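Student: Could we go through this structure together, one topic at a time?
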Amino acid sequence: MTQVVTRFAPSPTGHLHIGGARTAIFSWLLARHNGGKFHLRIEDTDLARSRQEYTDSILASMQWLGLDWDAPPMYQTQRTQAYDEAVEQLLRTGHAYWCACTPEEVEAMREKARAEGTKPRYDGRCRDRGLGKAPGSCVRLRLPDRGVIAFRDMVKGDIGVDVAELDDMVIRRADGMPTYNMAVVVDDSALGVTHVLRGDDHISNTPRQIVLYQALGLPVPIFGHVPMILGSNRQKLSKRDGARAVIEYEQDGLLPDALVNYLARLGWSHGNQELFSREELVEFFDGTNLNPSAAAFDPAKLDWCNAQHMRSMPLETLADRVRPFVEAIGLQIPGERALIGLCKLFRERATTLKALAEAFRPLLIGSRDLAYAAKDATKHLGETAGPHLAAFAEIFGQCEPFTADALDAAFNAYVADNGLQFKTVAPVLRTALMGFMGGGHLDLTMEVLGREETLARLAKAAAWRPEVAG
RNA sequence: GACUCCAUCGUCUAAUCGGUUAGGACGACGGCCUCUCAAGCCGUUAACACGGGUUCAAGUCCCGUUGGAGUCGCCA
């Protein structure tokens, strides 16, 4: 059996978006599952719209997603010789011909056809004129006179199109550059691509490409057309649906594994399983169970998926991931131990790394900057809180070592010795430490804060007085 | 308009060769837990687009209708 070779072929006219990311994921998965090769090709033949910065951005997003490729990326602008040779071969074998029609003339033909209610097509008037190369001339592929071009699609099943629906397409533009379909066929063939996975907006290109493969005497790969991703209104994806560039999800603090998991699961399934590690995806994704119908993008489920991944990864790894986000919002990055404590404290309370870093804020600012939520302070830091706060300062000031376990024991002893109820005194401590009724376990919170900061907060809380209105 | 593709809860989806009280997940809602907020657990809500066939039996096969999407470039 021959090796499976897949590819992802973006054009550098923008950042990598989630639609492209998903087909890249499927292609990468299919190659990795089969122990094959995965290639990258930059389709930069549209000189006017292609930009180097987008190529850089796309490659960076691919790396961030963890989709590695097996050879240096191929750039179409560097392959003019291969395209020229292919066109030359087609001309020589009679599968192609020079066409001297101007774009205006062709457009007139289309207008006429549209007016008559038939399919706008080039009428093939230069087919047998025996023209040679001339300024302004392009080369067109000579289609078979009749027949049906059929193929078996990995996701859609059998598809067939009558050649009568097609026209003699341009394969070499007047400026000498190849057109999309031409370049794709020459390049996929050169790369030895066996499985072409792409968006189903390309489905109408496929018959044309098959004709090209045949005319060139090349083996036709297996095609798989993945449906487009829709927005929440089941219309084409737009910004307001949360459909953005991969780089934006990175900046928002999503985990690459979570994005890959969610996107892979959109349009593909493995029984009832929702959460997959990267290894599981590689193990299970074999190109089957791809859904032929379009799927709507759901930001809420993506968030849930990300939250699940954040909760199941090692704390040390999570700490490494969140560090840049802590720095980005201007907070002092604590030591490793404290940072891990913060992650443990808040990871079940945040769905993104960005939100997680933000949740750290009350504990990472100094007591001087701690603000109290009026409602919570009024309720829990009133006059009856005074004795408790004084006692806390006493017992925690002496607590040794200053660790969660010891602090927990000290707190519980205080509650028991004074015949109190945990639930009546805990809010006092919580409000004093956090500034509001939120956050995680109090013992770990204090450990993360450290003795000095904990005492400072207790003192500040003891000095709190309600503001007198008026 | 022509051609092509698509059609299960609001959303993502499952349902081996036709036989299921049509399952799971997200969301929403309710409950439990609880010092708070979450998380977690339990539960509720909700779908085979429509109409014909074939068959003892159709979400599953066939035809049609409706609806949606894509393409119709010397863009990719």
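Student: Which residue of β7 stands opposite Ala150?
Tutor: Ala150 stands opposite Gly160 in β7. Strands here are DSSP runs of E with at least two residues, helices are runs of H or I with at least four, and both are numbered from the N terminus. This is a predicted model, in which local features need pLDDT of at least 70 and side-chain atom pairs count only at pLDDT 80 or more, while totals for chains, interfaces and linings use all residues. Residues are numbered from 1 along each chain as its sequence is written, and chains are lettered from A and ligands numbered from 1 in the order in which they are written.

Student: How many bridges lie between β6 and β7, and in which sense do they pair?
Tutor: Strand β6 (residues 148–153) pairs with β7 in the antiparallel sense over six bridges. Two strands pair if DSSP finds at least two bridges between them. With three residues between them, β6 and β7 form a hairpin.

Student: And what is the strand order in the open sheet that contains β5?
Tutor: The order is β4-β5-β8, with antiparallel pairing. The edge strands, which pair on one side only, are β4 (96–99) and β8 (170–172). Strand β5 (residues 138–141) is joined to β8 by two bridges, and Arg140 has Val170 as its bridge partner in β8.

Student: What about the sheet with β1; parallel or antiparallel?
Tutor: That open sheet has three strands in the order β1-β2-β3, and the pairing is parallel. Because β1 and β3 (74–75) stand at the edges with a single partner strand each, one side of each has no neighbour in the sheet. β1 and β2 pair over four bridges, and Val5 has Lys37 in β2 as its bridge partner.

Student: Which strands of the sheet does α1 touch?
Tutor: Helix α1 packs on the sheet and touches β1 and β2, its direction making about 160° with that of β1. Contact between two residues requires their C-beta atoms, placed from the backbone, to lie within 7 Å. Axes are lines fitted to C-alpha atoms, for helices over the stretch in contact, and angles run from 0 to 180 degrees between N-to-C directions. Helix α5 (residues 180–191) also packs on this sheet, touching β1, β2 and β3.

Student: At what angle do α1 and α8 pack?
Tutor: Helix α1 (residues 18–33) and helix α8 (residues 256–265) pack at about 85°, with axes 9 Å apart. The two helices are therefore roughly perpendicular, the other classes being roughly parallel under 35 degrees, roughly antiparallel over 145 and oblique for the rest, with 65 to 115 for perpendicular. In α1, Ile18, Ala21, Arg22, Ile25 and Leu29 meet Val260, Leu263 and Ala264 of α8.

Student: New topic: how many residues of domain 1 are in contact with domain 2?
Tutor: 16 residues of domain 1 contact 18 residues of domain 2. On the domain 1 side, α1 gives the largest share, five residues. The bounds, from an automatic or database domain assignment, are 5–75 + 229–301 for domain 1 and 79–226 for domain 2. Their centres, taken over C-alpha atoms, are 27 Å apart.

Student: Finally, which residues are closest to RNA strand B?
Tutor: Ser11, Glu43, Tyr180, Ser293 and Lys423 are the closest of the 63 residues that surround RNA strand B. A residue is near the strand if its C-beta atom, placed from the backbone, lies within 6 Å of it. Helix α17 gives the most to this surface, with five residues.
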